[in-house]
Amino acid sequence: MKLPVSLLKDYVVTDMSPQELGDLFTMTGFELEEIIEIRGEPVLDINIMANRGDGASIVGLCRELLAKDPTAVATPLLERLFSGYALPDDESRDIWEHATITIETEECSRFGARLFRGITNGESPDWLKRAVELLGQRPISLLVDLTNFVMFETGQPLHAYDYDHLHGHRIIVRQAKEGEKMQTLDEVGRDLDSSMMMICDADRTIGVAGVMGGLDTEVSASTKNCLLEAASFDKQSIRRTRKRLGLHTEASYRFERYVDPEGVVRAINRFAELLQEITGVKSVGGVADVYPSPRTATSIRLDLKRTRTLLGMPVSLDEAATYLTRLGFTVEVNQEEDSLTARAPSWRDDIVRQDDLIEEIGRVHGYEKIPEALPIGSTPLGGPHGQHLWTDQLRAAALRTGLNQIISHSLRKETPLDAPGGLIPLREPGSPEHAFLRNSLMSSLAEAAIRNGGDDVQLFEMGRVFVPKEGSEGLQPYGETRSLAFLITGDLDAPTWKKRGDEADLFAAKGVLESLGIAARRSLRFDKPVTLDPRLHPTRQADLGVGVFGQIHPEVASAMDLPEMTFLAEINLDAWYSSEAIEPTHAALHRHPALRRDISVLVPSTVAYEKLEEAICSTGGDLLESHWLFDVYEGKGVPEGHRSLAIALVFRKDGNFTDEEGNQARDAIVAALAEQGAILR
Amino acid sequence: MDPIAELRQEAESAFSSAATTAELREAEIKYLGKNGLVTGLMKGIGALSAEERPAFGQRVNDARRHLTAAYESRYAALRQGELALQFEQDRLDMTLPGHPPRVGIEHILQQTTNEIKRVLGSMGFVYEESPEVELFKYNFDALNYPPDHPAMDAQDTFYLRDDVVLRTQCTDLQGRIYEKVEPPLRFFTVGRTYRNEAVDRTHGHTFHQVDAFMIDEGISMAHLKGTLGAFARAMFGDEVRVRFRPDFFPFVEPGVDYAISSPKLFNGRWVELGGAGLIHPNILEQHGIDTDRFSGFAFGLGVERIPMMRYGIDDLRNFLENDLRFLRRYA
């Protein structure tokens, strides 16, 4: 809403600067967006809250100003606009001889009209043109400018019809029929439906109620006689219609925020008076006013003790009563009970219960007076717990492995790195680029890898993924799980002047996974997949039990423009957290020296190392403190289909290990390995 | 010539002619070692008379002491020279860059989230999460949205179906908590929200929000202000002040927009941080909470807003693009 400062001074006497006025409005809740300049004059551009239609007018904003600043004084014009705007012929019903108005829908609560005859609809006088321009509108003609001006002044949208084009001199307000059509003022044909409210004459639709008038009955330079409408329409109906038609007008802006039905006659009369001042034309036959069930306001009791408790600052009963009165409430004070009863003014449909009144009192008293206090009472143990805490620890562990964290969009298009099983689509995506919810973090990792050069990157992400199955209560079939994924390719170290880094390979990536497993205190399997993941290299992938891991499939690598030596893993964190926790247990640290024995065995390549390791551990038992594989060799000197493995064994016990005992322990392991097909070299 | 004096002279000359500490060590072993020549002199003591022996022994010991001192001083001199040479050879350009260890960069939004979690957690707010694909009822109905509120438009909200949306605010957690937890309570979340908006420097369809709320006996706007003040000071510095301005959100009454200011920040201007207020009594009643006994507050803010304010980041798109040049700057 544009509020020209020079215009404001016709209504309020104040010596505040434009900035001070803007700050004051901001502190009432009507935020100053900016001070703009029109015709070289300062104009406040004010943001109107969605529940405060009354603020979209000069009168409404002046009321806020006067409530907030007791030193400002209303001019006689504003006083008159506040109190009504009676004209001598208000009681006349003669207009009904010239026009018939009927309301056939509950979504119109009031319809008022006046008839003017013998008008010359020329240019507006300069003061009106200036006012309309300052209010952000383009001057068009006297009748149009005047309807606009009175709307901005009072908040009541008006519409002027060319009386001579009104068939049957009739107005009917009703719901549109399915498939009805009309042409609006902007010369666009509109398809209507039964949810929309229409203004009709005897034969046809002449306006979309509360949104825009029709072309057929538009006032023009040749208009001589004019029927002026001021009506009150249901805010939700107007919003719905406005949305369906994609039409946003100053009228619909106000109606969808609520327009005071009690202000209908005031606006018509203000228009009539101004028209008479400018042209001498008087309205004919008074006001036609159809108002089937006048609005009633209920009384709300306000307890001042509760007011002070909720606001957290002292406010006296007198202050509370004064503030509400200034805002137009009818107030009765009960000193004994320290309470009051207030009836909200007709222009405030947002006041329905005690706490609404408390907000009004707080707003006027000033939120700057609220002191800061910390809550007392029971304090729970704050912060993350359970899985959330575990997730935080796991994220820290991922960072320690050298992976860089990314956070990326969950709304995406389809890519070859989506997990099998399909994506959940948005019903009305804003763009094909974000039409689906991701079901895997791999595609965003790939995208980020490419953004960062496509090679020598190590990235991870933790976030939600969405699968079109299962889902929690009420949300079926929209499954949502927390996921952790990483992508590793190229040099593991940052480029440096002294080469020492390694190119990532599958086992470097596996090492990252294993170290995450240690931090998570959860186990990971590296099983041969029952169903292959099509995103991964078919013979270089593992089923983690709670996820997948492997080298990227060469075809996918090529499609995504990633190196073939790219390694990916993704873990379902909800499943992993729920799996059995591995809690560390204590073992005594023996102080006797350890004994190391290295063995080298020849094994058929078909024997998985895991099998050998199981044999080593179960045979070594408590004596085997640690073991590690320190060489894998295939090639010259090793028979085809075999590989040579070198394994270090470290034995220790509570007591000295003799060489003989060491050899025995080693030999037992060698014998166990032999059962798996391994031959000592 | 006296054999002691002779040997002493010979040893002195060997020590002083040694050019390196290694040569000197050899000479030392030769003369002063366990089986060295000085020790060897003592073998001649047997040929002396009982009267002569003490004087002879004394002289050998004097010679040993003298030679040991001579050796040590020569050694120190040689060692010093050798070290000086070695240090000269060891010289490195200390300004060459170090090799960075393999440590990952934590995303700037994550760092901000961690800070928020630490601060609110320390104030007794329990961290909880809610789904991003959310039931319409938790996103709107449970939060006192009137039917047909503009925020429910498909132009504003992504729908999966009529009753399922991508949550537009993390406030959805409130209804979920009220169903499970009786007051008094304090909770917060940090999560991802979605709005159907065209993407530009200051708008995105995906962003992150903090939402915190508490319910207890006698909770007031002053407690809200105090909590926000403590939070804002923890995030932005000790001198930060909080200002409330009336605003409208369906789920709070009174509703405010809160701004912060500090002499050290934003040129002393008030900068809006988010929305807040007392939890709307309709919401408390809807969830069976006695509004005569309990009241509560809620506040929210955008996570992205914090680093944008701190560092002057002016393009929202930076956050989810994952350009390491951007992320590394705030590592």
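The model is predicted, so local features need pLDDT of at least 70, side-chain atom pairs count only at pLDDT 80 or more, and totals for chains, interfaces and linings use all residues. Residues are numbered from 1 along each chain as its sequence is written, and chains are lettered from A in the order in which they are written.

Q476(A) and P477(A) are joined by a cis peptide bond with omega of about 0°. In chain B, the bond from E253(B) to P254(B) is cis, with omega near -10°; P254(B) belongs to strand β8 (residues 252–261).

## Positive phi

Most residues other than glycine have a negative phi. D456(A) has phi near 55° and lies in the loop between α14 (442–451) and β24 of chain A. N144(B) has phi of about 65°, in the loop between α6 (136–139) and β3 (159–161) of chain B.

## Second largest pocket

The second largest pocket holds about 1,600 Å³ of space. Of its 37 lining residues, those closest to the centre are F507(A), K510(A), E514(A), F526(A) and E610(A). A pocket is an open set of points on a 1 Å grid over the protein atoms alone where a 1.4 Å probe fits, with protein on both sides within 12 Å along at least five of seven lines; lining residues have an atom within 4 Å of a point. The volume is the space filled by probe spheres set on the points, which are joined across faces, edges and corners.

α15(A) gives the most to this lining, with 8 residues.

How values were computed
Heavy atoms only, no water. Helix = DSSP H or I, 4+ residues; strand = E, 2+ residues; numbered from the N terminus.
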